Amino acid sequence: MKTLIIYKSVHHKNTEKVARAMAEVLGARLAQPEEVDPAALAEYDLIGFGSGIYFSRHHKTIRAFIDRLPAMSKDAFVFSTSGATGDHSGPLIAKLKGKGLNVKGTFACTGFDTFGPFRLIGGLQRGHPDEKDLADARAFANGLLKQAPEAQ
Ligand SMILES: Cc1cc2nc3c(=O)[nH]c(=O)nc-3n(C[C@H](O)[C@H](O)[C@H](O)COP(=O)(O)O)c2cc1C
């Protein structure tokens, strides 16, 4: 299953750790949105989209990349790291579905956050993503592999 993971990780490289863990399991190519020609997505079976959460949404470069995509029938997944617990994937899933992509799953974990006032208290979620978060990310990626057509 040829997989591409498009991610943006600007605050503390939290999401990059998750992206790399998933890429190892999936044998995926990792890329930044500005490195990917939307036409090149045609050669992939599965595309992951991930970033930190900024004001309750994925990073603007990920959102803008999806806005530029033509309609396509492709499998996708979404992941994120965030200062607050919970999965904030909803808006990105809606965007991907709007382009015809089939979102097979989402993964979210916390990430070290020193935004604004949180810096004054030493940050939130120090040490995250930690080893358990990365093990969870690998397990999620393994689940995607098991869903792949050649695995059935
Ligand atoms: C400007 C800014 C806005 C943020 N907004 C949110 C937010 O709305 N909700 C949240 O849970 N975390 C928020 N965070 C925390 C980041 O999502 C978190 O630290 C994430 O792990 C960063 O990922 P990265 O290091 O891969 O960029 C914000 C961080 C910054 C710098």
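Reader: What does "buried" mean here?
Author: Buried means under 20% relative accessible area, computed with a 1.4 Å probe on protein chains only. The model discussed here is a predicted one.

Reader: Is T110 buried or exposed, then?
Author: T110 counts as buried, because its relative accessibility is 11%, which is under the 20% limit.

Reader: Where does T110 lie?
Author: T110 belongs to strand β6, which spans residues 102-110.

Reader: Which side chain makes a polar contact with that of T110?
Author: That of H128, with a distance of 3.5 Å between the two side chains.

Reader: And which residues does T110 touch?
Author: Leaving aside residues up to four places away in sequence, T110 touches T81, S82, G83, A84, T85, Q125, H128, P129 and D133.

Reader: Turning to pockets, how much space lies in the largest pocket?
Author: The largest pocket holds about 360 Å³. It is lined by 22 residues, and H11, I53, Y54, G83 and D113 are the closest to its centre.

Reader: Which elements supply at least two residues of that lining of the largest pocket?
Author: They are α1 (14-26), β3 (46-54) and β5 (75-82). The largest share, three residues, comes from β3.

Reader: How do the residues of the lining of the largest pocket divide?
Author: Eight are nonpolar, 12 polar and two charged.

Reader: How many cavities of 30 Å³ or more are there in the whole structure?
Author: The search finds one. The largest cavity has a volume of about 30 Å³.

Reader: Which residues line the largest cavity?
Author: M1, L46, D75, K104, L144, Q147, A148 and P149 do. Five residues of this lining are nonpolar, one is polar and two are charged.

Definitions and conventions
Residues are numbered from 1 along each chain as its sequence is written. This is a predicted model: local features need pLDDT of at least 70, side-chain atom pairs count only at pLDDT 80 or more; totals for chains, interfaces and linings use all residues. Side-chain values use heavy atoms; hydrogens and water are left out. On a 1 Å grid over the protein atoms alone, a cavity is a set of points where a 1.4 Å probe fits but cannot get out, and a pocket is an open set with protein on both sides within 12 Å along at least five of seven lines; lining residues have an atom within 4 Å of a point. Grid points are joined across faces, edges and corners, and a volume is the space filled by probe spheres set on the points. Ala, Val, Leu, Ile, Met, Phe, Trp, Tyr, Cys and Pro count as nonpolar, Asp, Glu, Lys and Arg as charged, and the others, Gly among them, as polar. Helices (H or I, at least four residues) and strands (E, at least two) are DSSP runs, numbered from the N terminus. Buried means under 20% relative accessible area, exposed over 50%, partly exposed in between (1.4 Å probe, protein chains only). A polar contact is a pair of N or O atoms within 3.5 Å; within protein, one must be able to donate a hydrogen and the other to accept it, and residues adjacent in sequence count only if both atoms are side-chain atoms. Contact means heavy atoms within 4.5 Å.
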